[in-house]
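I opened this structure to get my bearings in it. These are my notes, in the order I looked things up.

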Amino acid sequence: MNLQPMQLGYVVDNIDAAIRYWTKVIGAGPFFVFEAGEWSKLYHKGKPTDVKMRLSIGQWNNLQIELIEQLNDAPSPYLDFRAQNLRGLHHIGVLVDDLDADVAEFTKRGKPPVYHGATPQGFRFAYLVDDEHPGAMIELIERGPASNALVALVADAAKNWDGSNPVRTV
């Protein structure tokens, strides 16, 4: 298994302020905002959960930047992170070809997923448990039509981006 980081995921208090920081100060972007995404399955520590959140994804050179603002108090690793009075870098995302096989391999290594889910479009992901290294989970993101399209959309928008229209809705 060769994991290549492609995304940095941040838990933020205010996604609009975070986007302003990343675009104005760092020069990343543009950012695509997803309002309270729809999930077909979402589990935290083995139990179904109904997390409502705003997500925003932009590009910073070769890295995708994901900003997450949870809108409700449903159990999640984001809420767990915030309960420790933490904000900022939450996870590092990597693309994988076979999510089930990689989750099984990490589970054998004592690192089962603490959070996993899917969208109705088939975008699947899993966050690995972080007991030995809090604050920097690994998110496995399965390659497939939905995830490939999102990665391409964000990367293509960043090519030759001139700083205009920094926020885009999906």
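**Entry: ground rules**

I am working with a predicted model, in which local features need pLDDT of at least 70 and side-chain atom pairs count only at pLDDT 80 or more, while totals for chains, interfaces and linings use all residues. Residues are numbered from 1 along each chain as its sequence is written, and side-chain values use heavy atoms, with hydrogens and water left out.

**Entry: the sheet**

I looked up the strand order. An open sheet of 11 strands runs β4-β3-β8-β9-β10-β7-β1-β6-β5-β2-β11, with mixed pairing. Strands (E, at least two residues) and helices (H or I, at least four) are DSSP runs numbered from the N terminus. Two strands count as paired if DSSP finds at least two bridges between them. Strands of a sheet pair through backbone hydrogen bonds, either parallel or antiparallel.

Which strands are at the edges? They are β4 (47-48) and β11 (167-169), each pairing on one side only. Tyrosine 43 has proline 48 in β4 as its bridge partner.

**Entry: β10 and its partners**

I then checked β10. Five of its six residues are buried; buried means under 20% relative accessible area, exposed means over 50%, and partly exposed lies in between (1.4 Å probe, protein chains only). With β9, the pairing is antiparallel and has three bridges. There phenylalanine 125 stands opposite isoleucine 141 in β10.

Strand β5 is mostly covered, with seven of its eight residues buried. On one pairing, β2 (residues 31-35) is joined to β5 by five bridges, antiparallel. On another, eight bridges join β5 to β6, also running antiparallel, and glycine 58 stands opposite isoleucine 65 in β6. The hairpin of β5 and β6 has two residues between the strands, and asparagine 61 takes a positive phi near 55 degrees in it.

I picked isoleucine 57, which sits in β5. Is isoleucine 57 buried or exposed? It counts as buried because its relative accessible area is 5%. Its bridge partner is phenylalanine 32. Leaving out residues up to four places away in sequence, isoleucine 57 touches Pro30, Phe31, Phe32, Phe34, Gln64, Ile65, Glu66, Leu150 and Val154; contact means heavy atoms within 4.5 Å. Glycine 46 is 11 residues from isoleucine 57 along the chain, and their C-alpha atoms are separated by 27 Å.

**Entry: arginine 168**

Next I looked at arginine 168 in β11. Arginine 168 counts as partly exposed because its relative accessibility is 22%. Residues up to four places away aside, arginine 168 touches Pro30, Phe31, Phe32, Val33, Ala157 and Trp161. Glycine 110 is 58 residues from arginine 168 in sequence and 40 Å away, C-alpha to C-alpha.

**Entry: the cores**

In soluble globular proteins, nonpolar side chains tend to be buried together. I searched for nonpolar cores, meaning sets of buried Ala, Val, Leu, Ile, Met, Phe, Trp, Tyr and Cys residues joined through side-chain atoms within 4.5 Å. The largest has 14 residues, and those with the most contacts inside it are Val51, Met53, Ile68, Tyr78, Tyr115 and Tyr127. At least two residues of this core come from each of β5, α2 (77-83), β8 (113-118) and β9. A second, separate core has 12 residues, among them Leu8, Val12, Phe31 and Ile65.

Tyrosine 127 has contacts beyond four places in sequence that include Ile68, Tyr78, Tyr115 and Ile138.

**Entry: the largest pocket**

Last, I looked up the largest pocket, which holds about 520 Å³ of space. A pocket is an open set of points on a 1 Å grid over the protein atoms alone, where a 1.4 Å probe fits, with protein on both sides within 12 Å along at least five of seven lines; lining residues have an atom within 4 Å of a point. Grid points are joined across faces, edges and corners, and the volume is the space filled by probe spheres set on them.

Of its 26 lining residues, the closest to the centre are Phe34, Leu55, Thr119, Phe123 and Leu150. Helix α4 gives the most to the lining, four residues.
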